[in-house]
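Please read the points below alongside the coordinates.

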Amino acid sequence: MSRIATRPSSHLLELHLQRWRGRVVAGLLMLWLLALVGRAVYLQGLHHDFLQRKGDAVTNRILALPAHRGMITDRRGEPLAISTPMESLWANPGTVSASQEQVKHLAKLLEIPVKDLQARLNDKDREFVYLKRLLPPDQAAAVTQLGIPGLYLRREYRRYYPSADVTAQLLGFTNIDDAGQEGVELSYQNWLAGIPGSRRVMKDRRGNIVEDVESIQSPKPGRDLVLSIDMKIQYLAYRELQKAVIDNKAKDGAIVVLDAKTGEILALANTPSYNPNNREGVKLWQMRNHAITDEYEPGSTMKPFTIAAALDAGTIKPDTVIDTGDGTYEVGNRRIHDTHANGMLTISQIIEKSSNIGAAKIALELKPEYLWNELHKVGFGTAPQLGFPGVASGRLRPYQRWHTIDQATMAYGNGIAVSLLQMARGYTVFANDGAMKPVTLLKQDDPSSKEVQVFSPATAHAVLAMMETVVSPQGTAPRAQVAGYRVAGKTGTAHKPEDGRYSAHKYIASFIGMAPVSNPRLIIAVMIDEPDAGQYYGGIVAAPVFSSVMGGALRILNVTPDNPTGNVVLPPASSHAEEESM
């Protein structure tokens, strides 16, 4: 009986325990589910934005969209600098899957060593690495045909210069990121560059773009820039300058062509030059714009300013006669020389014969402060407001530091430093009734009236007439004559300073002039550095360049001739008229 009573009790106890365990398990399951629901509500509701950002950080990327750089043109609209679309190849090393044969083929297409390419592809710590930038379209298409996963093309731009070496130092160039580095490209970087854009894309775990999500900002193209340059005249100037530098075995040369009425630079060339489309092996000195950034002693091209200052001061008159003696003149313990003994010379003949003694005597009659002020008003010692990198200001020492010999030699261009552009700008006073025009590299639809009155109109006219005698058969520059046009100008031949003294065998030959004299339209300044072919006088080396360029440019601009076509008269071969004092 006792066994029969014990079994039912044990069975009931087991059933009770099983129900209790079930409830516990069910409760635990319910709590777990509630925890999951709570967590889901917490994540999806309260922290949805946080999780969305985390997910986007893994799958979404912001890609930069380069802006198209503005075009540079000449005044007629001829393209001088153009940005052409190119493709740059990049890789995500962690996702690249390529056989050794594919790597070799790719290296051959990219023209880089296999070892270098393999090193970039093995850099698994980076998600972005350039393999080759700025590929031409056919090369980019060949790379795409290889079908290597993990390689991508990115649109970029490369700058192209159609005129190559003809405008190299003027335009400058851009770097591989299409940012200006020299010349106009650097000066007007903000104007030309534009504003890059961006777009959001979605990528898979291997880095492949699977969806173009949205455009965040469209790129804003750069603005075009219209220069004052006339490429017809620029080509002409560069060709004639290059020929002169080669023929005279010179170190280098520069030329500036100005519109005498507006101050616009119609041509500005330097040689030797370089090709900005392929700068491999180019030296830094080849990139220098000698006409704008280099300083030199101008020599006798300074004499017209000395004469003009004295005329305005009233210390001389156009018919004044100066005794230049036997060709030597002592100032203190220093001696000034003329190439020839000229004796008594009128003011006009001092310009025509380029007498150092005559110019020095005229300058010494002026107060130092007055002469300094007159030269400063012409722009010497101050940089032209051109907006070009490295514009030279020249050197005009304070008059308080002048000695008597300094004032005397400055009259004929020694002891003062200028740029060729400064000299060309200065000569605008003789073409505009004594007013100096500001120079510019940009085309002027409405020419600026910000001119500075330097000399009186009467003085400017008088000096212009004196400079016309320079190109006569008796002057120092008959080779500057231009058929059909009256020409006025001045030669310069200067010893180069070297190691604190003047070199006996290194010269700078120059000529600056204008035409037609009846109503000057163009001013051209030519400088030949260190001619070494036997001749070094400005009238022999630089004047012919002026004549060729001036004649061609006046015809290009359809300027009406103001002189009979048979007006060109050269001196006899035995004449020494073209030799000038230095």
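How many nonpolar, polar and charged residues are in the lining of the second largest pocket?

1. The lining has six nonpolar, five polar and four charged residues (Ala, Val, Leu, Ile, Met, Phe, Trp, Tyr, Cys and Pro count as nonpolar; Asp, Glu, Lys and Arg as charged; the others, Gly among them, as polar).

2. This is a predicted model, in which local features need pLDDT of at least 70 and side-chain atom pairs count only at pLDDT 80 or more, while totals for chains, interfaces and linings use all residues. Residues are numbered from 1 along each chain as its sequence is written, and side-chain values use heavy atoms, with hydrogens and water left out.

3. Of the 15 lining residues, Arg334, Thr409, Tyr412, Asn414 and Tyr502 lie nearest the centre of the second largest pocket. Strand β13 (334–337) gives the most to this lining, with four residues.

4. The structure holds 19 salt bridges (a side-chain nitrogen of Lys or Arg within 4 Å of a carboxyl oxygen of Asp or Glu). One of them joins Arg159 and Glu185 at 2.8 Å, N to O; this pair links distant parts of the chain, strand β5 and helix α7, 26 residues apart. Arg159 is buried at 6% relative accessibility, and Glu185 is buried at 0% (buried means under 20% relative accessible area, exposed over 50%, partly exposed in between, with a 1.4 Å probe and protein chains only).

5. A further salt bridge, of 3.3 Å from N to O, pairs Arg397 with Asp406. Here Arg397 is partly exposed at 22%, whereas Asp406 is buried at 13%.

Notes
On a 1 Å grid over the protein atoms alone, a cavity is a set of points where a 1.4 Å probe fits but cannot get out, and a pocket is an open set with protein on both sides within 12 Å along at least five of seven lines; lining residues have an atom within 4 Å of a point. Helices (H or I, at least four residues) and strands (E, at least two) are DSSP runs, numbered from the N terminus.
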